[in-house]
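Here are my notes after a look through this one. Have the viewer open as you read.

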Amino acid sequence: RSLLSAEDSYLAYLPLAHILEYIVELAMLFVGMTIGYGRVKTLTDSSVRHCLGDLREFRPSIMVGVPAVWETIRKGILSKVHSSGTLKKNVFSGAMAVKKANVPGLKQVVDTVVFNAVKQQTGGRLRYALSGGAALSRETQEFLHLALVTMLSGYGMTESCGMCAILPPEFMQFGSVGAPMASVEIKFLDVPEAGYLSTNKLPQGEVCIRGPSVIKGYYKRDDLNNDETIFTKDGWLRT
């Protein structure tokens with residue numbers, strides 16, 4: 001909650017029937033944040049005529065999306081880079097290498113000289129972005145994190161009221177969905193036939209969740225609610 005404030009602004013464009021969008025908007029309302037409403041089809045300048053796209057017009061500081069949206073933004077950035085000539089393309093590639101290598105002193109230089117133009121494509125105010133709804137490829141997460149904004153990810157499902165886990169910015173890393181939410185317990189159930197064992201060097205297994213934010217059953221579906229391959233007797237939902 002301390003990462004969000006009333007001074008932030010949030011661009012909403014996913015359907016409210018989507019549990020991710022619904023929970024996120026409730027969180028934004030809770031902190032008193034300004035919310036602007038856009039559409040997936042009008043997010044960028046290339047999607048509209050005679051006006052700015054939603055991102056550059058509203059200039060959000062917080063943004064949430066699904067992998068398809070982040071992939072579209074990544075391709076848009078690369079398209080502009082590739083069409084800008086060999087010199088600028090090489091400068092961009094070099095700047096990405098500098099950021100990835102975390103070279104002291106040079107990071108700030110490439111941010112100001114090279115990546116500032118990239119940041120302006122999303123309004124220039126983005127502080128954090130969160131991806132959910134499906135797995136975000138490491139390649140896209142790393143690219144946008146280096147070129148645009150701190151790119152966080154999470155894991156959740158409708159049955160858990162959205163979030164099961166989320167990656168806090170202070171523990172930023174690639175390929176991780178972060179830590180469990182306070183209302184959710186998570187455990188691995190061994191799947192021996194697949195070689196997924198909680199005792200593996202990197203623990204693996206079917207993800208099981210339970211807690212007050214996890215559903216106890218599906219509406220009028222006793223056939224599913226009494227199926228122990230979905231709901232265990234001790235309260236775990238087998239995802």
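Predicted model: local features only at pLDDT ≥ 70, side-chain atom pairs only at ≥ 80, totals over all residues.

1. Which residues of H3 are buried? They are Pro67, Val69, Trp70, Ile73, Arg74, Ile77 and Val81. Looking down the axis of H3, these buried residues fall within an arc of 165°, so they line one face of the helix. Ala68, Thr72 and Lys75 are exposed, on the face turned away from the buried side.

2. Arg74 turns up again over a ring: its charged end sits over phenylalanine 143, 6.0 Å from the ring centre.

3. On to the aromatics, with 3 pairs in the structure. Phenylalanine 92 and phenylalanine 143 make a tilted one, at 6.1 Å centre to centre and 45° between the planes. Phenylalanine 92 is in helix H4 (residues 86-101) and phenylalanine 143 in helix H6 (residues 138-147), so the pair ties together parts 51 residues apart in sequence. Both rings belong to buried residues, and Phe92, Phe115 and Phe143 form one aromatic cluster.

4. Tyrosine 218 and phenylalanine 231 have ring centres 5.6 Å apart and planes at 65°, so this pair is edge-to-face. Tyrosine 218 counts as partly exposed at 26% relative accessibility, while phenylalanine 231 is buried at 10%.

5. Last, the strands. E8 (residues 185-189) runs antiparallel to E9 (residues 206-210), joined by 5 bridges; glutamate 185 has arginine 210 as its bridge partner. E9 also pairs with E10 (residues 237-238), again antiparallel, over 2 bridges.

Notes:
Residues numbered from 1 in each chain as written. Heavy atoms only, no water. Pairing = 2+ DSSP bridges. Helix = DSSP H or I, 4+ residues; strand = E, 2+ residues; numbered from the N terminus. Buried < 20%, exposed > 50% of the residue type's maximum accessible area, 1.4 Å probe, protein only. Arc of directions from axis to C-beta. Phe/Tyr/Trp six-rings, centres within 6.5 Å; stacked < 30°, edge-to-face > 60°. Lys NZ or Arg CZ within 6 Å of the ring centre and 35° of its normal.
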